[in-house]
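Good morning, colleagues. Please bring up the sequence and the model on your screens, and I shall take you through the parts I wish to discuss.

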Amino acid sequence: METTKAQNCDKDTDGLKHRLPTLGLMVLLGAFLLCACAGTGASTPNQTTQAEYFTAFDPVIFATRPHTEFIPGLTGFQQTTEYSCGPAALLSTVLYYKAPGFKADAETEMRISSEVGTRDPATLKPGEKPGTTPPEITTWLEKNGFNAVEEYEKKGDNSALEKIRANLRAGIPTIVEWIDLAGHWVVVVGYDDRGTINPDDDILVLADPYDRYDDHPDGYNVVNAQRFYWMWFDARYFGKETWRTMISVTRK
Ligand SMILES: [Ca+2]
């Protein structure tokens with residue numbers, strides 16, 4: 001019996017030895033199938049929506065990074081209509097200044113819209129343009145306890161970006177309008193020159209009232225500064241082509 005057992009054990013051992021290559025192949029095949037399944041799964045709609053196309057902006061890390069200028073605590077109030085980026089940019093700015101009488105809600109946004117005179121494209125009168133003009137923005141700010149300095153730049157020498165950077169270093173928000181969305185008001189709150197002389201890699205941080213495209217609805221959008229600079233004009237809503245509208249906002 002002992003011999004038989006030993007023989008059986010030997011036989012089993014031999015069998016295992018013979019099966020090992022087969023098992024190895026099965027493991028490899030299983031791994032391949034798992035990879036293949038994962039690859040197939042990545043193309044399903046559910047997993048595609050989880051793909052990371054954009055990195056989240058971290059204001060804490062940005063504030064401590066060298067070569068940056070930043071106004072912490074100013075994020076874009078999210079506009080509740082398709083035309084109220086101007087009032088939403090104003091609300092974002094006055095909330096940053098903790099001005100009394102303003103809440104981060106649609107009622108306050110619409111109150112500002114009415115006071116500013118922002119035009120809904122659905123109810124335009126003949127000859128009117130939708131949205132909000134720079135003089136309307138500055139007039140409202142001046143009436144509500146703020147100094148608003150309205151400036152333009154069409155020299156193309158980056159001087160408007162230098163103005164924005166000087167404002168950031170002084171903690172002054174700059175409300176700007178660019179051709180994004182065919183004409184869009186945002187607030188500039190950050191700049192990073194990446195520690196290089198070449199401006200082509202510079203980064204601008206926007207407090208954006210229409211933060212719907214970067215998978216992180218945190219009120220911040222990040223854009224290459226030169227790309228922004230050459231898209232920093234209005235062609236539709238101000239009655240004439242207008243380059244690099246800047247409104248610097250401080251408390252009175
Ligand atoms: Ca965002």
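This is a predicted model: local features need pLDDT of at least 70, side-chain atom pairs count only at pLDDT 80 or more; totals for chains, interfaces and linings use all residues.

Strand S3, residues 174-178, pairs with strand S4, residues 184-192, in the antiparallel sense, and five bridges join the two.

Is S3 buried or exposed? Five of its five residues are buried, so the strand is largely enclosed by the rest of the structure. Thr174, Val176 and Trp178 point one way from S3, while Ile175 and Glu177 point the other way. Both sets are buried, Glu177 included.

Let me turn to the nonpolar core. In soluble globular proteins, nonpolar side chains tend to be buried together. Here, the largest nonpolar core has 43 residues. Ala89, Ile175, Val187, Val189 and Leu206 are those with the most contacts inside this core. Which element gives the most to this core? The answer is helix H4, residues 85-96, with seven residues.

Setting aside neighbours within four places in sequence, Val189 is in contact with Phe70, Ile71, Leu74, Pro173, Val205, Leu206 and Ala207.

Next, helix H4 itself. H4 is mostly covered, with 11 of its 12 residues buried. Among them are Gly86, Pro87, Ala89, Ser92 and Tyr96. What covers the buried residues of H4? The covering elements include helix H5 (106-116), helix H6 (134-143) and strand S5 (203-207), together with S3, S4 and S9.

After H4 comes Lys98, whose phi is positive, near 55 degrees.

Finally, the chain as a whole. There are eight helices and nine strands. Of the 252 residues, 31% are buried. Among contacts with a separation of 6 or more, 61% are between residues 24 or more positions apart.

Thank you for your attention.

Technical notes: Residues are numbered from 1 along each chain as its sequence is written. Helices (H or I, at least four residues) and strands (E, at least two) are DSSP runs, numbered from the N terminus. A residue is buried if 20 or more other C-beta atoms lie within 10 Å of its own, exposed if 12 or fewer, and partly exposed in between; C-beta atoms are placed from the backbone. Two residues are in contact if their C-beta atoms, placed from the backbone, lie within 7 Å. A nonpolar core is a set of buried Ala, Val, Leu, Ile, Met, Phe, Trp, Tyr and Cys residues joined through C-beta atoms within 7 Å. Two strands pair if DSSP finds at least two bridges between them.
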